[in-house]
Amino acid sequence: MVKFVSLATLVCALSVTPVFAKEFQDHDQMMNHGDGHLMDMDGGMVMGQNTDTLPGGCEKIAATKEITVHAGHKYSEKFPGTMFAFDQQEYQFEPCTKLTVHFINDDEIRHQWMMHGLPKYLYPKGMFHLEVSGPGKVTGTLILPPGDKTYLVHCDIAQHMEKGMKAQLKVGKGSEDLPSIPGVTAAVFPDDYSGRPYDPKLDAPAPYTIPVVAPAAAAAKAAAVAPASNESIVSGVTVVGLAIGLIVAPLLARRFKDMSAGEIVATVLEQVAQVVGYVIQLVAKLIKMVTGKNVIALPENK
Ligand SMILES: [Cu+2]
């Protein structure tokens, strides 16, 4: 009997032991590491913060906005088949808006509000990133670029975007609608609750094809086949150059669509700098291969 009572007491004691949830934390004392990177050791992080540099093509800050975004499992309830979601799936702002985002994580796990496609001359890796591990809040600010463009916003933790944590942010009119935004656009891989077995033929997603500029491609092919003749006014080299130009032009046009002159110049300079850096590396490697020496003497390990 005594044994039974003590066992019962133990069971009771164990069953009322509360599971301590992590307390909500406002990450407002983060360390500033420069270049818009702020973080603390408790799982709060901001990357790509920009509070004062105007993107190329913005004459002034057009508007100052503040939003509060929630992330959590509970927001996915209205979207069958998902596990995580933001409380809002679409945002829209005027170009050149100074936007402050208060990001609140309502879950006991790690979530992010990561925005992609920003100009790389201003935002490292083209990203603006807010992150909180466990329930808490971080706040970050950026200045949106000019032009009509749609930016992907997602949580980059494995499978969180695929399971619903995805949104789009339109600047101006936006450039398009992104796929698989819960409640906004159709899913690329729609859920199937019919019970029909998987059929690789029927269920394969539509292949994505890169649009080919037909006449230019044909010209390039012709140029490759036809022997170059010096007597011809239009030499093979010209045809190849023309063909490359025809192929590259629409790609460039798409790349620079909606960009201001300032932004185009900045982007071109950024890419030229990359190419120059690459060439220097290549030359250094070549010299090293030939001479067996480092061009720049490396510090010796001690
Ligand atoms: Cu997440």
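**The core and its strands**

Tutor: In this predicted model, valine 153 is in contact with Trp113, Met114, Met115, Ala167, Gln168 and Leu169, once its neighbours within four places in sequence are left aside. Val153 also belongs to the largest nonpolar core, which has 37 residues, and together with Phe103, Trp113 and Met115 it touches the most other members. The elements that give two or more residues to this core are the strands S4 (44-47), S6 (85-86), S8 (97-105), S9 (110-115), S10 (128-133), S11 (136-143), S12 (149-154) and S13 (166-171), and of these S8 gives the most, with four residues. As background to this, the protein chain has four helices and 13 strands, and 23% of its 302 residues count as buried. Among the contacts with a separation of 6 or more, 66% are between residues 24 or more positions apart.

The hairpin of S3 and S4 has four residues between the strands, and in it glycine 43 takes a positive phi near 90°.

Other contributors to the core, S6, S8 and S11, belong to an open sheet of five strands, in the order S1-S11-S8-S5-S6, with mixed pairing. Strand S1 (25-26) and S6 stand at the edges of this sheet with a single partner strand each, so one side of each is left without a neighbour in the sheet. The partner of S6 is strand S5 (residues 63-72), and the two pair in the antiparallel sense over two bridges, with glycine 72 having alanine 85 in S6 as its bridge partner.

Beyond S13, in the loop between that strand and helix H2 (214-225), lies glycine 174, which counts as partly exposed because it has 16 C-beta neighbours inside 10 Å. Not counting residues up to four places away in sequence, glycine 174 touches Asp148, Lys149 and Thr150. Glycine 174 and aspartate 148 are 26 residues apart in sequence, yet their C-alpha atoms are 4.6 Å apart in space.

Terms used:
Residues are numbered from 1 along each chain as its sequence is written. This is a predicted model: local features need pLDDT of at least 70, side-chain atom pairs count only at pLDDT 80 or more; totals for chains, interfaces and linings use all residues. A nonpolar core is a set of buried Ala, Val, Leu, Ile, Met, Phe, Trp, Tyr and Cys residues joined through C-beta atoms within 7 Å. A residue is buried if 20 or more other C-beta atoms lie within 10 Å of its own, exposed if 12 or fewer, and partly exposed in between; C-beta atoms are placed from the backbone. Two residues are in contact if their C-beta atoms, placed from the backbone, lie within 7 Å. Two strands pair if DSSP finds at least two bridges between them.
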